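Please report on the features of this model that can be read from its coordinates. Keep it short and organised by topic.

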Amino acid sequence: VHTGAILDPLRVRETEKNLRNFYESKGYLDARVTFRAIPGPNDTAVAQFDVHEGSPYAISSIEFTGNRAFSDRELRGFMKTGTHGWLSWLTGSGVLDRKTLDKDVDRIAAVYYDHGYLNVHVGEPEILTHGHQITIKIAINEGPRYNVGSIHLAGDLKFPKAELRKLVTLKSGEPFEGTALQ
């Protein structure tokens with residue numbers, strides 16, 4: 001929606017949605033956006049978006065279930081999403097940003113994968129509100145931990161196997177590490 005444009009209901013709804021998403025990303029989960037077209041002269045109208053912000057919400061806790069390999073504290077350390085604290089006004093922590101939270105879920109799954117948990121499933125975060133506080137609950141199904149079996153170098157090798165074997169970072173019997181394979 002911009003000056004001089006023909007009023008398009010689809011763009012109005014898209015603008016309302018974008019404004020709501022912006023406020024939500026800043027912690028205002030109850031923000032409401034309403035549109036009004038105020039008639040003007042010569043078949044024109046003024047587009048007015050009224051925003052009622054509501055009160056901001058803050059993340060009070062992040063909890064995990066099903067995790068055995070890593071403590072809750074360790075898992076929270078892998079996340080960019082954090083709880084609200086006394087420095088939140090400076091750092092911006094404690095605000096729910098769903099895109100960041102989705103990336104955190106992927107990051108946690110990658111950490112498990114890199115420690116031998118190839119079948120890990122990190123569930124969709126559950127967002128619970130109580131008052132203006134948010135609790136995030138994340139269920140984890142670690143699955144079995146895989147260890148490296150035997151390692152064989154095969155093919156038309158241009159260099160001696162002994163020399164190439166020294167370059168292999170994976171070791172038999174150790175937990176599989178996805179980044180070591182790369």
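## The loop between strand 1 and strand 2

Asn42 sits in the loop between strand 1 (32–40) and strand 2 (44–52). Helices (H or I, at least four residues) and strands (E, at least two) are DSSP runs, numbered from the N terminus. Asp43 lies in the loop between strand 1 and strand 2 as well. Asn42 is exposed, at a relative accessible area of 73%. Asp43 is exposed too, at 82%. Exposed means over 50% relative accessible area, buried under 20%, and partly exposed in between (1.4 Å probe, protein chains only).

The backbone stands out here. Phi of Asn42 is near 55 degrees, a positive value in a residue other than glycine. Phi of Asp43 is likewise near 55 degrees, and Asp43 is not glycine either.

## Basis and confidence

This is a predicted model: local features need pLDDT of at least 70, side-chain atom pairs count only at pLDDT 80 or more, and totals for chains, interfaces and linings use all residues. Residues are numbered from 1 along each chain as its sequence is written, and side-chain values use heavy atoms, with hydrogens and water left out.

pLDDT is the predictor's confidence in each residue, from 0 to 100. The protein averages 89, and 95% of the residues score at least 70. Confidence is lowest in helix 3 (residues 88–91), at a mean of 65. It is highest in strand 4 (residues 121–122), at 98. Where pLDDT is low, the predicted coordinates should not be read in detail.

## Aromatic pairs

The structure holds 7 aromatic pairs. Rings of Phe, Tyr and Trp (its six-membered ring) pair if their centres lie within 6.5 Å; planes under 30 degrees apart count as stacked, over 60 as edge-to-face and the rest as tilted. Tyr23 and Tyr28 make an edge-to-face pair, 6.1 Å centre to centre with 80 degrees between the planes. Tyr23 is buried at 17% relative accessible area, whereas Tyr28 is partly exposed at 22%.

Phe70 and Tyr112 have ring centres 5.0 Å apart and planes at 90 degrees, so this pair is edge-to-face. The pair links distant parts of the chain, 42 residues apart. Phe70 is in the loop between strand 3 (58–65) and helix 2 (72–77), and Tyr112 is in helix 4 (residues 98–114). Phe70 is buried at 10%, and Tyr112 is buried at 0%. Phe70, Phe78, Tyr112 and Tyr117 form one aromatic cluster.

## The largest nonpolar core

A nonpolar core is a set of buried Ala, Val, Leu, Ile, Met, Phe, Trp, Tyr and Cys residues joined through side-chain atoms within 4.5 Å. The largest one has 20 residues; Phe64, Ile108, Tyr112, Ile136 and Ile140 touch the most other members. Strand 3, helix 4 and strand 6 (133–141) each supply at least two residues. Helix 4 gives the most, with 5 residues.

Leaving aside neighbours within four places in sequence, Ile108 is in contact (heavy atoms within 4.5 Å) with Phe64, Leu75, Met79, Val122 and Ile140.

## Asn67

Which loop holds Asn67? Asn67 is in the loop between strand 3 and helix 2. Asn67 is buried, at 16%. A polar atom of its side chain lies 2.9 Å from the backbone oxygen of Phe70. A polar contact of 2.9 Å also joins the side chains of Asn67 and Asp72. A polar contact is a pair of N or O atoms within 3.5 Å; within protein, one must be able to donate a hydrogen and the other to accept it, and residues adjacent in sequence count only if both atoms are side-chain atoms.

Beyond its neighbours within four places in sequence, Asn67 is in contact with Asp72, Leu75, Tyr112, Ile140 and Glu142.
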